[in-house]
Amino acid sequence: MSAEKLAYNWNFDDQAAGPSINPMENATAANAAMQQVLVNSTGPAPAPPLPSGSQVPLPVGIEINGTLMRDAEIRELTGADEEKLSKVSRSSVRFFDTLLKLGVVSLGNEPVTPALLKGLYVADRDALMLAIRIATFGPQLELVGVSCPTCRELVDFTVDLSTVELRGLPAGETRVELRDGRWAYLRFPTGEDQEHILAAVDATSAETNTALLERCVTYIESPAAGIRVPGSADVARRLGIADRRTILMYLADHAPGPQLMSLSTEHEACGEEVPLPLTVADIFLDL
Ligand SMILES: [Zn+2]
């Protein structure tokens, strides 16, 4: 893996302006933290790829014909796949759609279809992409020249992607209390929601948040009045700014799927933890 290969086709300005891959993350803070890591990343170390064709557990699962499918079969990407991916802009959602269409063989016992992939939770899509990455390039991701936030030394780290925590849905009701005592009932986004949320390329983060809340607030309940109002773009816009942030924080903090954003490792020289937040986009930098 040469540094020059990594430099190709990776423009931070585009990335910052374009849609973020995970709508749940705090894009500004996460990107700032990540860029430091990524500017000098040399991509994954050579490692023997896992045998092609492997079963992957899904953190959430998808119901197909009344049966909850909790696993999927994925395969290693080939040169033919690489050619197909090279024709799609990697800053677009389509890049990841294409990646899943190529790398996912089946969901449960069902052969995969584009509609099924869109119906998956983002959590499961991310888990599948992580598995495809490991099957294709191995589990090691090398991060070179990371600045330790405590002692400022530049350090190289190797992340083992096979140890990333896969979190399921939170137990109990997915809801948060609003400032006036109402409850917002929430659900986590699917691939279809993600497509909707990231459709407007020039959207501001407030507009993106509205699109997210439109999809992920299922209804707002006023217990005293016994009223339930279904979520909509209008409902999302009428929420107070503080309530919107409470909901977004809940969705970010409890998001199921691979916990790439919370990766960290100890810097041995100073003994302090170094955060190494990653997105799904970062684990495919070598493609
Ligand atoms: Zn340090």
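Visitor: How many nonpolar, polar and charged residues does the lining of the second largest pocket have in this predicted model?
Guide: The pocket has a volume of about 210 Å³, and 13 residues line the pocket. Sorted by class, three of the lining residues are polar and none is charged.

Visitor: Which residues that line the second largest pocket are the closest to its centre?
Guide: Strand E1 (54-64) and helix H7 (122-137) each supply at least two residues of the lining. Of the 13 lining residues, the closest to the centre of the pocket are Val56, Leu130, Ala131, Ile134 and Leu166.

Visitor: Are H5 and H7 roughly parallel or roughly perpendicular to each other?
Guide: The axes of H5 and H7 lie 10 Å apart, and the two helices pack at an angle of about 65 degrees. Angles of 65 to 115 degrees count as roughly perpendicular. H5 and H7 are therefore roughly perpendicular.

Visitor: Is the crossing of H5 and H7 left-handed or right-handed, and which residues make the contact?
Guide: The crossing of H5 and H7 is left-handed. Helix H5 contributes Phe96, Asp97, Leu99, Leu100 and Gly103, and helix H7 contributes Arg125, Leu128, Met129 and Ile132. By class, this contact has six nonpolar, one polar and two charged residues.

Visitor: Are H4 and H5 roughly parallel or roughly antiparallel to each other?
Guide: Helix H4 (residues 79-86) packs with helix H5 (residues 93-103) at an angle of about 160 degrees, and their axes are 10 Å apart. An angle over 145 degrees counts as roughly antiparallel. The relation of H4 to H5 is therefore roughly antiparallel.

Visitor: How do the residues of the contact of H9 with H11 divide into nonpolar, polar and charged?
Guide: Helix H9 (residues 205-216) and helix H11 (residues 241-253) have axes that come within 11 Å and cross at roughly 70 degrees, which means that H9 is roughly perpendicular to H11. The contact joins Ala206, Asn209, Thr210, Leu212, Leu213 and Cys216 of H9 with Arg244, Ile247, Leu248 and Leu251 of H11. The division of these residues is seven nonpolar, two polar and one charged.

How values were computed. Residues are numbered from 1 along each chain as its sequence is written. This is a predicted model: local features need pLDDT of at least 70, side-chain atom pairs count only at pLDDT 80 or more; totals for chains, interfaces and linings use all residues. Side-chain values use heavy atoms; hydrogens and water are left out. Axes are lines fitted to C-alpha atoms, for helices over the stretch in contact, and angles run from 0 to 180 degrees between N-to-C directions. Helices (H or I, at least four residues) and strands (E, at least two) are DSSP runs, numbered from the N terminus. Angles under 35 degrees count as roughly parallel, over 145 as roughly antiparallel, 65 to 115 as roughly perpendicular and the rest as oblique. On a 1 Å grid over the protein atoms alone, a cavity is a set of points where a 1.4 Å probe fits but cannot get out, and a pocket is an open set with protein on both sides within 12 Å along at least five of seven lines; lining residues have an atom within 4 Å of a point. Grid points are joined across faces, edges and corners, and a volume is the space filled by probe spheres set on the points. Ala, Val, Leu, Ile, Met, Phe, Trp, Tyr, Cys and Pro count as nonpolar, Asp, Glu, Lys and Arg as charged, and the others, Gly among them, as polar. Contact means heavy atoms within 4.5 Å. A crossing is left-handed if the near helix is turned anticlockwise from the far one by less than a right angle, and right-handed if clockwise.
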